[in-house]
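Take a look at the model, then read on.

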Amino acid sequence: MKKRTLLALGLVTVTVALSSCNSMPKEIKAEDIKEETLYMRADGSGQVAYVEDFKEKYFNLDELKGYISSELSNYNKKYGEKAAVLSEIELKGDKVKVVLTFKNTEVYTAFNSKKGENNTKFPTVAEALSEFGELTFTEAGSEEGAKKAADEVLTDKYNIAVIEGPMLFQTGNKIKYYSGGNLVDEHHIRVDEDNKAVVVYSK
């Protein structure tokens, strides 16, 4: 079974619980984290949350926090102040939870690529149509689960995300169409391990 780990980079893997109400929270909170989660907020910024076993006696929480902050400083030098921020880190028992905040999808994609996962992409319309043009999409707001062709939904009108599981994807906007994954509600879709989803959400 595939298991991602960020400890090899001095980082950690986390997850976030669903919001209990329809309005989306401004930020992910470590205390709510249940699974690895990516939260794309309405303003275009994003947060990623990780949870992972932390049983290393030779590496304490302060050292891990310092290492993460040092790694993120490289992105701030390249993309500008506070482009990548350690928002929260918490250790309870043998589980460590980390919440990172990114200025935009470009910064998150750069970070995600460096740690070797590449489990989330934000393709252009042309890229999405080239790779996923044969897919059929389900309309999220349709009780009947209305189907749409790729060229009807992969347009500049929407944001596009490609998610590889296991991950919970949530957005401050609304999910409009999806192919793959399990839609939870208009803001959340869960993608199981070894599966992929193309998510089209409002700008």
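What percentage of the 203 residues in the protein is buried? Buried residues make up 45% of them, where buried means under 20% relative accessible area, exposed over 50% and partly exposed in between, with a 1.4 Å probe and protein chains only.

A word on the ground rules: this is a predicted model, in which local features need pLDDT of at least 70 and side-chain atom pairs count only at pLDDT 80 or more, while totals for chains, interfaces and linings use all residues. Residues are numbered from 1 along each chain as its sequence is written, and side-chain values use heavy atoms, leaving out hydrogens and water.

The protein has 4 helices and 13 strands; these are DSSP runs numbered from the N terminus, with helices being H or I of at least four residues and strands E of at least two.

**The sheet**

Seven-strand order comes next: an open sheet of 7 strands runs β3-β4-β2-β1-β9-β12-β11, with mixed pairing. Two strands pair if DSSP finds at least two bridges between them. At the edges stand β3 (84–92) and β11 (182–185), each with a single partner strand, so one side of each has no neighbour in the sheet.

| Strands | Sense | Bridges |
|---|---|---|
| β2 (residues 46–53) and β4 (residues 95–102) | antiparallel | 8 bridges |
| β9 and β12 (residues 188–191) | antiparallel | 4 bridges |
| β11 and β12 | antiparallel | 3 bridges |

Asp53 stands opposite Lys95 in β4, Met167 has Val191 in β12 as its bridge partner, and Leu183 faces Ile189 in β12 as its opposite number. β11 and β12 also form a hairpin, with 2 residues between them.

**Helix α2**

Now turn to α2, which covers residues 105–114 and has Val107, Tyr108, Phe111 and Asn112 as its buried residues. Seen down the axis of α2, these fall within an arc of 130°, so they line one face of the helix; the arc is that of the directions from the helix axis to the C-beta atoms.

What caps the N-terminal end of α2? Asn104 does, with a side-chain oxygen 3.1 Å from the backbone nitrogen of Glu106.

**Overall contacts**

Among contacts between residues at least 6 apart in sequence, 61% join residues at least 24 apart, a contact being heavy atoms within 4.5 Å.

Note on methods
A polar contact is a pair of N or O atoms within 3.5 Å; within protein, one must be able to donate a hydrogen and the other to accept it, and residues adjacent in sequence count only if both atoms are side-chain atoms.
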